[in-house]
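Colleague: I am new to this structure, and I would like to learn how to read it. Could we go through it together, feature by feature?

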Amino acid sequence: MRCLVCVLVGSLGVVLAAAQEPVDTPALARIRAEAQERSSALRLFHTLTDELGARLSGSPAYNTAARWARERFTEWGLVNAHLEPFEFGRGWTLEKIAVDMTAPRYMPITAYPDAWTPSTNGVIAGRVVYVGDKTASEIQAMVGQLRGAIVLAHLPVAVFVDADRPQPGLDERPVRTGNPALPQPRSVTPLNELLPLLQRAGAAVALKASAYRDGTVGVTGNRNTPPDALPTITIAGEQYNVLARLAAAGRAPELRVELRTRNAEDDRNSYNVIADIPGQDPALRDQVVLVGAHLDSWHTAGGATDNADGVASVMEAMRILAALKVRPRRTIRVALWGGEEQGLLGARAYVARHFADQAARDRLAVYLNDDPGSGRTLGFYMEGNQAAKTIFDAWLAPLRDLGATRNIIEPINATDHVPFDEAGLPGFNAIKDFEAYDQRTRHTNADFGERTSEEELKQSAIVMATFAWQAAMRNEKIPRKR
Ligand SMILES: [Zn+2]
């Protein structure tokens, strides 16, 4: 049982914090009305997931999405909407993949190439060669069988991805945050040793297993893959197991594999999309409240939960503020990042370029990011910044009825607020819902729009617009940790 005095002191604390931290009630009501009555959130989301589709950094599809976002910002009346380049590397596009089992019977295979993998040399057909259970020296002894072969590189999948990370923010339970360690397919010879061996032996293509369940294929890729590497394809775990079991039993199935990919070498940059609602207070308008989300995704689905929902929410928050013709004291800036999936590259480039010296760092009021998870925003991860949490708690209070109820002091890693935090700048990420995120949609061929509702997108946009507005209007910037 909780002690009554503690509960009373606890609630008194919230009231005091709220009393000290002004909340702009009329502006919040206007934000909500615009968000509920004239929402563009679902349209933006479906343009991203259905029309633009997968947005792999460096690809022509990503650049199309970036130009589309810039055009929306200009259309809504934001100022200086532009693409900001940063060094990225070779672009890559998937043009065709078809993998079928042709014997002992016909079965289509759910298969996706690793990003940046080269094409196969036309259509490859033949019996698979299974090496998942072989040592390096055993593989070297098989060299005669490997030339031109379709190779099964992993052991059968024994441990599947079965759970989402714990959900922070919903109640008072202790929280654990960050990307969970997911089970990975294994092979007796690790892939970093195995794939070069196979390539030297002249194999045609390597098939890897996905550890996700029920036909879901988790697949990423490495932008530094040499253009003449061995092509690698990841297939559904259960189907991989069928092929590997047959092969291990001496009845190797026959497959037909065709993979066509295209490199884009002409532009080695990727781009962040930046636009402003200019500040109006002569003393504060040089200061920036930055809101953002990563626009890039992996290449197999629509990048819906990772991260079209974050992008749609942040874009809609800016649309709402622009539509209300608000006059913020500080400049409110939006940043849609590229290269997040390759190591937060766009956000890192932005921090390095714009916050190199102390005077520049002093002009950032706060950065608010919307990424891991999907659905509603429940609050913010406060990165250990208690002074900022007191302020954010007051801002969250009027959003309780929308399900945004709890900021947590703990940090979350692995997304675009991290370079800000590392530079000593106040950067925070929204706490989102993790239902089905880790075990189904994140970095998989199942990252489509059905997991996210219009209400959740509207809610996230309201929270982001509210926080951006409060941060743009308060007398002081958000306090730093150090
Ligand atoms: Zn991701």
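Colleague: Let me start with a detail: which residue in β9 is the bridge partner of Val 123?

Modeller: Val 123 has Glu 258 as its bridge partner in β9. Before going on, note that this is a predicted model, in which local features need pLDDT of at least 70, side-chain atom pairs count only at pLDDT 80 or more, and totals for chains, interfaces and linings use all residues. Residues are numbered from 1 along each chain as its sequence is written.

Colleague: How should I read strands and their pairing around β9?

Modeller: Helices (H or I, at least four residues) and strands (E, at least two) are DSSP runs, numbered from the N terminus. Two strands pair if DSSP finds at least two bridges between them. Here, β5 (residues 123-130) and β9 are antiparallel and joined by 5 bridges. Strand β9 (residues 254-264) is also joined to β2 (residues 91-103), again antiparallel, by 11 bridges.

Colleague: What does the chain look like as a whole?

Modeller: There are 15 helices and 15 strands in the chain. Its radius of gyration (taken over C-alpha atoms) is 25 Å, close to the 23 Å from the globule rule (2.2 Å times the number of residues to the power 0.38) for 482 residues, so the chain is as compact as a globular protein of that length. Along the principal axes, the C-alpha atoms fill a box of roughly 75 × 60 × 40 Å.

Colleague: How is the chain divided into domains?

Modeller: Domain bounds come from an automatic or database domain assignment. That gives domain 1 (21-83 + 267-473) and domain 2 (94-263). Their centres, taken over C-alpha atoms, are 35 Å apart. Two residues are in contact if their C-beta atoms, placed from the backbone, lie within 7 Å. By that rule, 28 residues of domain 1 touch 25 residues of domain 2. On the domain 1 side, β14 and α14 (437-441) are the elements that give two or more residues, and α14 gives the most, with 4 residues.

Colleague: Which strands make up the open sheet, and in what order?

Modeller: The order of this sheet of 7 strands is β1-β10-β12-β11-β13-β15-β14, with mixed pairing. At the edges are β1 (79-87) and β14, each with a single partner strand, so one side of each has no neighbour in the sheet. From one strand to the next, the twist averages 25 degrees.

Colleague: Which strands pair with β15?

Modeller: On one side, β13 (residues 364-369) runs parallel to β15, with 3 bridges, and Leu 368 is partnered with Phe 428. Strand β14 (residues 374-381) is antiparallel to β15 over 5 bridges, with Ser 374 partnered to Asp 433.

Colleague: Is β15 (residues 427-433) enclosed or open?

Modeller: A residue is buried if 20 or more other C-beta atoms, placed from the backbone, lie within 10 Å of its own. In β15, 7 of the 7 residues are buried, so the strand is largely enclosed by the rest of the structure. Across the chain, buried residues are 51% of the 482.

Colleague: And which helix lies across β10?

Modeller: That is α4 (residues 60-75), which lies across β1, β10 and β12, at about 10 degrees to β10. Axes are lines fitted to C-alpha atoms, for helices over the stretch in contact, and angles run from 0 to 180 degrees between N-to-C directions.

Note on methods. A residue is buried if 20 or more other C-beta atoms lie within 10 Å of its own, exposed if 12 or fewer, and partly exposed in between; C-beta atoms are placed from the backbone.
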